[in-house]
Amino acid sequence: MADLMDSMNEAIDQCATSPEQQQQQHAPPTSSNGCTSCHQPFNRHDDPVMYESKRYHEKCFTCFVCRVPLDLRRAHEHQNKLYCQRDFAMVKKKIHCASCEQPIEYNQVPLKVLGTYYHPGHVRCYQCQEPLDEKSSYREHQGRVYCRRDYRKLTLPKCRGCGKPVEKEAVSSNELQGKWHMSCFGCQTCHQSFPDSTFYVFDNSPYCKRHYHQLNNSLCRSCDDPIEGPCAQTIDEGWRFHPPCFTCTVCRHAITDIYYMFERRIYCETHIQQLQKQRNVRAEKRRTQFGRI
Ligand SMILES: [Zn+2]
Ligand SMILES: [Zn+2]
Ligand SMILES: [Zn+2]
Ligand SMILES: [Zn+2]
Ligand SMILES: [Zn+2]
Ligand SMILES: [Zn+2]
Ligand SMILES: [Zn+2]
Ligand SMILES: [Zn+2]
């Protein structure tokens with residue numbers, strides 16, 4: 001009897017509502033045929049998901065909290081919102097914000113960060129301290145949460161010059177691993193940029209011509225210019241010369257075969273003999289090695 005009375009009272013209450021209130025109770029015009037979640041109409045190609053006699057776009061049939069696509073058998077509806085099994089259990093229990101410890105209301109989108117729930121704005125980007133909400137498209141990374149911008153910076157390739165993230169204007173080369181800012185790309189030794197865009201690679205790093213040859217031991221010991229092509233070389237010292245620069249210390253004539261080494265100087269046959277007439281000289285007779293660099 002009491003039950004019947006209650007439902008009768010309800011019926012009377014509904015009749016008593018004003019016309020404006022009744023108006024508000026009607027769903028917005030688009031949603032009568034559209035998606036219950038986004039209120040947008042369905043396209044010809046859409047295959048709406050039917051759930052509890054409501055229709056959803058397939059992409060809209062997702063958990064209100066974690067956005068995971070839902071399965072018809074595992075979906076839950078509560079206060080016109082859909083939840084996955086896990087988040088539904090949390091909603092039923094009334095979620096409390098891990099930051100302010102106050103309950104999160106049904107009409108607020110709880111932020112689920114690192115497995116914990118927060119009010120929108122009650123959790124901040126680890127980097128910039130900006131409050132995050134569902135629109136921040138925040139991301140978790142190594143146990144921390146970041147706004148979209150800082151997450152991007154974190155995961156962007158780092159400049160090999162300055163170590164900071166490279167967004168655009170990156171310099172990369174097939175010959176080299178990694179990327180550089182345009183302004184950071186230069187010789188590893190002198191840090192000069194490469195005006196004609198050509199550079200030398202040594203040990204996976206870029207160098208100007210001079211510093212490449214310095215590392216490569218291909219600067220001429222006599223004129224100090226880089227050797228690219230024919231080269232004369234001493235065996236023991238590993239000294240390298242342009243062939244015309246490989247000359248006798250005294251007469252400066254180029255040596256093409258036999259030379260003598262005495263006190264780390266190079267002599268032609270004539271001038272070592274001249275020296276030997278003056279004093280007791282034990283010079284080392286050698287044959288020049290020629291090659292190419
Ligand atoms: Zn939709
Ligand atoms: Zn969920
Ligand atoms: Zn809170
Ligand atoms: Zn941030
Ligand atoms: Zn840089
Ligand atoms: Zn350099
Ligand atoms: Zn030279
Ligand atoms: Zn000579």
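Colleague: Let me start with one cysteine: what relative accessibility does C100 have?
Modeller: C100 comes out at 28% relative accessibility, so it counts as partly exposed. Keep in mind that this is a predicted model.

Colleague: Thanks! Which protein donors does the zinc ion (ligand 3) have?
Modeller: C100 is one of them: the donors are C97 and C100 through SG, plus H119 and H122 through ND1. They lie 1.8 to 2.3 Å from the zinc ion (ligand 3).

Colleague: And what geometry does the site of the zinc ion (ligand 3) have?
Modeller: Tetrahedral, with angles of 92 to 121° among the 4 donor atoms. For reference, four tetrahedral donors would ideally sit at 109.5 degrees.

Colleague: How are the donor residues of the zinc ion (ligand 3) spaced in sequence?
Modeller: The pattern reads C-x2-C-x18-H-x2-H. C100 sits in the loop between helix 4 (85-93) and strand 5 (111-113), while H119 sits in the loop between strand 6 (116-118) and strand 7 (123-124), so this pair ties together parts that are 19 residues apart in sequence.

Colleague: Is H119 buried or exposed?
Modeller: H119 is buried, with a relative accessible area of 7%.

Colleague: On to the zinc ion (ligand 6). What are its protein donors?
Modeller: C187, C190 and C208 each give SG, and H211 gives ND1, at 2.0 to 2.3 Å from the zinc ion (ligand 6). Along the chain these donors follow C-x2-C-x17-C-x2-H. C187, in the loop between strand 12 (176-181) and strand 13 (200-202), and C208, in the loop between strand 14 (205-207) and helix 6 (209-215), link distant parts of the chain, 21 residues apart.

Colleague: Why is the arrangement around the zinc ion (ligand 6) tetrahedral?
Modeller: Because the 4 donor atoms subtend angles of 95 to 121°, and four donors count as tetrahedral if all angles lie between 85 and 135 degrees.

Colleague: Are C187 and C208 buried or exposed?
Modeller: Both C187 and C208 are buried.

Colleague: Changing topic: in what order do the strands of the open sheet run?
Modeller: The order is 18-17-19, with 3 strands and antiparallel pairing. Strand 18 (265-267) and strand 19 (284-287) are the edge strands, each pairing on one side only. Neighbouring strands are turned by 35° against each other on average, direction ignored.

Colleague: How many bridges join strand 17 to strand 19?
Modeller: There are 4 bridges between strand 17 (residues 258-262) and strand 19. To pick out one residue pair, M261 has E284 in strand 19 as its bridge partner.

Conventions: Residues are numbered from 1 along each chain as its sequence is written. Chains are lettered from A and ligands numbered from 1 in the order in which they are written. This is a predicted model: local features need pLDDT of at least 70, side-chain atom pairs count only at pLDDT 80 or more; totals for chains, interfaces and linings use all residues. Side-chain values use heavy atoms; hydrogens and water are left out. Donors are N, O and S atoms within 2.8 Å of the metal (3.2 Å for Na, K and Ca); water is not among the atoms, so sites may look incomplete. Four donors count as tetrahedral if all angles lie between 85 and 135 degrees; four count as square planar and six as octahedral if opposite donors are over 155 degrees apart and all others between 65 and 115; anything else is irregular. Helices (H or I, at least four residues) and strands (E, at least two) are DSSP runs, numbered from the N terminus. Buried means under 20% relative accessible area, exposed over 50%, partly exposed in between (1.4 Å probe, protein chains only). Two strands pair if DSSP finds at least two bridges between them. Axes are lines fitted to C-alpha atoms, for helices over the stretch in contact, and angles run from 0 to 180 degrees between N-to-C directions.
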